[in-house]
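Have the viewer ready and follow along.

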Amino acid sequence: MLIVHVFVHVKSDQVELFKNASAENAQHSRQEPGVARFDVLQQTDDRTRFLLIEVYCTEEDPARHKETEHYKKWRDTVADMMAEPRYSVKYADVCPEGNRG
């Protein structure tokens with residue numbers, strides 16, 4: 001498993017548009033064979049900050065995800081909504097073992 005946390009800071013006037021675009025992308029992403037989980041979270045004390053939690057079955061699956069039409073649509077749609085560039089951190093699952101579907 002490869003877990004990716006994507007940290008996003010959105011312009012305050014773009015929050016609802018970002019949420020809608022990200023929800024649509026997440027729904028499609030969950031249908032991909034290499035995606036085990038795909039969540040969109042909004043920070044409770046700052047509504048302009050989001051965390052995307054993407055859980056992939058293999059290390060190759062994020063690249064496959066980025067080739068999908070729904071990802072490309074999301075990427076292009078939200079590009080100008082960002083207050084600053086988004087960034088990601090990759091994690092490996094440690095505990096509990098056996099989460100490998």
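What follows goes from the overall fold to the aromatic rings and then to a few individual residues.

A word on the ground rules. This is a predicted model, so local features need pLDDT of at least 70 and side-chain atom pairs count only at pLDDT 80 or more, while totals for chains, interfaces and linings use all residues. Residues are numbered from 1 along each chain as its sequence is written, and side-chain values use heavy atoms, with hydrogens and water left out.

**The overall fold**

The protein chain has three helices and four strands, where helices (H or I, at least four residues) and strands (E, at least two) are DSSP runs numbered from the N terminus. Read from the N terminus, the order is β-α-β-β-α-α-β. The radius of gyration is 14 Å, close to the 13 Å that the globule rule gives for 101 residues, so the chain is as compact as a globular protein of that length. That radius is taken over C-alpha atoms, and the rule is 2.2 Å times the number of residues to the power 0.38. Along its principal axes, the C-alpha trace spans about 40 × 30 × 20 Å.

Buried residues account for 40% of the 101 in the chain; buried means under 20% relative accessible area, exposed over 50%, and partly exposed in between (1.4 Å probe, protein chains only). Take the contacts (heavy atoms within 4.5 Å) between residues at least 6 apart in sequence: 69% of them join residues at least 24 apart.

**The aromatic rings**

Searching the whole structure turns up four aromatic pairs. Rings of Phe, Tyr and Trp (its six-membered ring) pair if their centres lie within 6.5 Å; planes under 30 degrees apart count as stacked, over 60 as edge-to-face and the rest as tilted. Tyr71 and Trp74 make a tilted pair, 6.0 Å centre to centre with 40° between the planes. These two sit three residues apart in helix H3 (residues 69-78), so about one helical turn separates them. Ring pairs also tie Phe18, Phe50, Tyr71 and Trp74 into a cluster.

**Some residues on the strands and beyond**

| Residue | Relative accessible area |
|---|---|
| His5 | 18% |
| Ile53 | 16% |
| Met82 | 11% |
| Tyr71 | 9% |
| Glu54 | 9% |
| Trp74 | 5% |

Start with His5, which is in strand E1 (residues 2-9). Leaving aside residues up to four places away in sequence, His5 touches Leu51, Leu52, Ile53, Tyr87, Ser88, Val89 and Tyr91. His5 and Glu54 are 49 residues apart in sequence, yet 6.4 Å apart C-alpha to C-alpha.

Which residue is 15 positions from Ile53 in sequence and 5.6 Å away in space? It is Phe38, going C-alpha to C-alpha. Glu54 and Phe38 are 16 residues apart in sequence and 4.6 Å apart by the C-alpha atoms. With residues up to four places away set aside, the contacts of Ile53 include His5, Arg37 and Phe38, while those of Glu54 include Val4, Arg37 and Phe38.

Finally, Met82 sits in the loop between H3 and strand E4 (87-91). Its C-alpha is 19 Å from that of Glu54, 28 residues away along the chain. Beyond residues up to four places away in sequence, Met82 touches Val8, His9, Val10, Lys11 and Phe18. Phe18 is also a member of the aromatic cluster.
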